[in-house]
Amino acid sequence: MYVGIGYDIHRFVKDRKLILGGVCFDYPLGLSGHSDADVVLHAIGDAILGAASLGDIGELFPDTDDKWKDISSQILLDKIMELVWEKGLCVNNVDVVFIAQEPKISKQKKKMERRISELLKVEPERINVKATTTEGLDSIGRLEAAAAQAVVTLTHNS
Ligand code: CDP
Ligand code: ZN
């Protein structure tokens, strides 16, 4: 069993779609970033890369490369999974926490888990999406940003 950790944070901006865990949210602000800034998928991607000893998202998809500009993070996660499978590994389970004052994601959590499970090719029962606010404290509490933390375990493909 291999364990990896991931953390990411993006700034809220106007005129950008909000996509979290591969699910589009109806919210007046989006997250800024070189790709679509899906902070949930970025934290999961980094945790997967960590568990597989494959570095991190920034190394694989540098924000200096226009190839990755505005790209869907679902495509980035697809590429990460190709590398993981090539190593003879697969995802055992994922636990991710979305940290934001707004939007509340409770109603969309199951949909996010389903989408993540499709991307990682595991049963939805092995994916857990949680959320918390920062109780109005810090930049996240001031609605300036949203963050995510993830822990992933990988096992050998049998
Ligand atoms: O301290 P605790 O996380 O229990 O409380 P909170 O930050 O006020 O969040 C209460 C609940 O709201 C959490 O258990 C989450 O399920 C949910 N929540 C959410 O759906 N979306 C967020 N952006 C933040 C919290
Ligand atoms: Zn990111």
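**Entry: His42**

I started at His42 and listed its contacts, setting aside neighbours within four places in sequence. The list reads Asp8, His10, Ser35, Asp36, Ala37, Ile57 and Ser73. I note here that I am working on a predicted model. His42 sits in helix α1. I then asked: is His42 buried or exposed? Its relative accessible area is 9%, so I put His42 down as buried.

**Entry: the zinc ion**

Next I looked up the metal. Which residues coordinate the zinc ion (ligand 2)? I found Asp8 through OD, His10 through NE2 and His42 through ND1. The distances run from 1.9 to 2.0 Å. I placed Asp8 in strand β1, residues 2-13, and His42 in helix α1, residues 39-51. The pair therefore ties together parts that are 34 residues apart in sequence. I also checked burial for this pair: Asp8 is buried, and His42 is too.

**Entry: the nonpolar cores**

I moved on to the packing. The largest nonpolar core holds 46 residues. Which of them have the most contacts inside it? I wrote down Leu20, Val40, Ile44, Ile48, Leu120 and Leu154. Helix α1 supplies the largest share, nine residues. As background, nonpolar side chains tend to be buried together in soluble globular proteins.

Beyond its neighbours within four places in sequence, Val40 is in contact with Leu20, Gly21, Val96, Phe98, Met112, Ile116 and Ala148. I also found a second, separate core of five residues. Among its members are Val97, Ile99, Ala145 and Ala147.

**Entry: ligand 1**

I turned to ligand 1 and asked what surrounds it. I recorded Phe98, Ala100, Pro103, Lys104, Ile105, Ser106 and Lys109, together with Ala131, Thr132, Thr133 and Glu135. Phe98 was already in my notes as a contact of Val40.

I then went through polar atoms around the ligand. A polar backbone atom of Ala100 is 3.0 Å from a nitrogen atom of ligand 1. For Pro103, I have a polar backbone atom 2.9 Å from a nitrogen atom of the ligand. Ser106 uses its side chain: a polar atom there lies 2.8 Å from an oxygen atom of ligand 1. On its own, ligand 1 has 510 Å² of accessible area, and the protein covers 61% of that.

**Entry: backbone at Pro103**

I located Pro103 in the loop between β5 and α4. The peptide bond joining Glu102 and Pro103 is cis, with omega about -10 degrees.

**Entry: positive phi values**

Last, I looked up phi at two residues. Asp138 has phi near 55 degrees, a positive value in a residue other than glycine. I find Asp138 in helix α5, residues 138-141. Its relative accessibility is 41%, so Asp138 counts as partly exposed.

Leu143 is not a glycine either, and its phi is positive at about 65 degrees. Where does Leu143 lie? I placed Leu143 in the loop between α5 and β7. With 36% relative accessibility, Leu143 counts as partly exposed.

Terms used
Residues are numbered from 1 along each chain as its sequence is written. Chains are lettered from A and ligands numbered from 1 in the order in which they are written. This is a predicted model: local features need pLDDT of at least 70, side-chain atom pairs count only at pLDDT 80 or more; totals for chains, interfaces and linings use all residues. Side-chain values use heavy atoms; hydrogens and water are left out. Donors are N, O and S atoms within 2.8 Å of the metal (3.2 Å for Na, K and Ca); water is not among the atoms, so sites may look incomplete. Helices (H or I, at least four residues) and strands (E, at least two) are DSSP runs, numbered from the N terminus. Buried means under 20% relative accessible area, exposed over 50%, partly exposed in between (1.4 Å probe, protein chains only). A nonpolar core is a set of buried Ala, Val, Leu, Ile, Met, Phe, Trp, Tyr and Cys residues joined through side-chain atoms within 4.5 Å. Contact means heavy atoms within 4.5 Å. A residue is near a molecule or strand if one of its heavy atoms lies within 4 Å of it. A polar contact is a pair of N or O atoms within 3.5 Å; within protein, one must be able to donate a hydrogen and the other to accept it, and residues adjacent in sequence count only if both atoms are side-chain atoms. Accessible areas come from the Shrake-Rupley method with a 1.4 Å probe; for residues, only the protein chains shown count as cover.
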